[in-house]
Amino acid sequence: MRTRAGFRLAVAVLVGIAPAAAWPQAVTGDVLFERKTSGSKDVPPAIFNHWKHRVKYKCYACHNDTVGFKMAAGKTPVTMDTIEEGKHCGACHKGLPAFPVGFETCNRCHRK
């Protein structure tokens, strides 16, 4: 019992030392979608958490002709228009099975 309480205290102290806002947003394995068009300068590039998705799905769930992702990062031109058409991220992010893409969810992918 003491060990568990000590562990919780240690985690709380560590979290207090390094607040979440100071943690890097993109980590190894994430895919950063750089903007290729002028678009809005205020919108940061999208960060795709590859490993979080890989835990739940096999590669071919996204890397196929229907969804359209090529097997190399940066080789598939993704736009909000293609996502709205149900391609790329939009294959899942149209409300089911994942959160929908919209103005109220922008910051889930476009993080500074």
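How many aromatic pairs does the structure hold? The structure holds one aromatic pair, where rings of Phe, Tyr and Trp (its six-membered ring) pair if their centres lie within 6.5 Å, and planes under 30 degrees apart count as stacked, over 60 as edge-to-face and the rest as tilted. The partners are Phe 33 and Phe 69, in a tilted arrangement with 6.4 Å centre to centre and 45° between the planes. Phe 33 belongs to strand 1 (residues 31–33) and Phe 69 to the loop between helix 2 (50–56) and helix 3 (80–84), so the pair ties together parts that are 36 residues apart in sequence; helices (H or I, at least four residues) and strands (E, at least two) are DSSP runs, numbered from the N terminus.

This is a predicted model, in which local features need pLDDT of at least 70 and side-chain atom pairs count only at pLDDT 80 or more, while totals for chains, interfaces and linings use all residues. Residues are numbered from 1 along each chain as its sequence is written, and side-chain values use heavy atoms, with hydrogens and water left out.

By the disulfide rule (a pair of cysteine sulfur atoms within 2.5 Å), the count comes to zero. Cys 62 is in no disulfide, and the nearest cysteine sulfur, that of Cys 92, is 6.1 Å away.

The table gives accessibility, where buried means under 20% relative accessible area, exposed over 50%, and partly exposed in between (1.4 Å probe, protein chains only).

| Residue | Relative accessible area | Class |
|---|---|---|
| Phe 33 | 22% | partly exposed |
| Phe 69 | 16% | buried |
| Cys 62 | 24% | partly exposed |
| Cys 92 | 29% | partly exposed |
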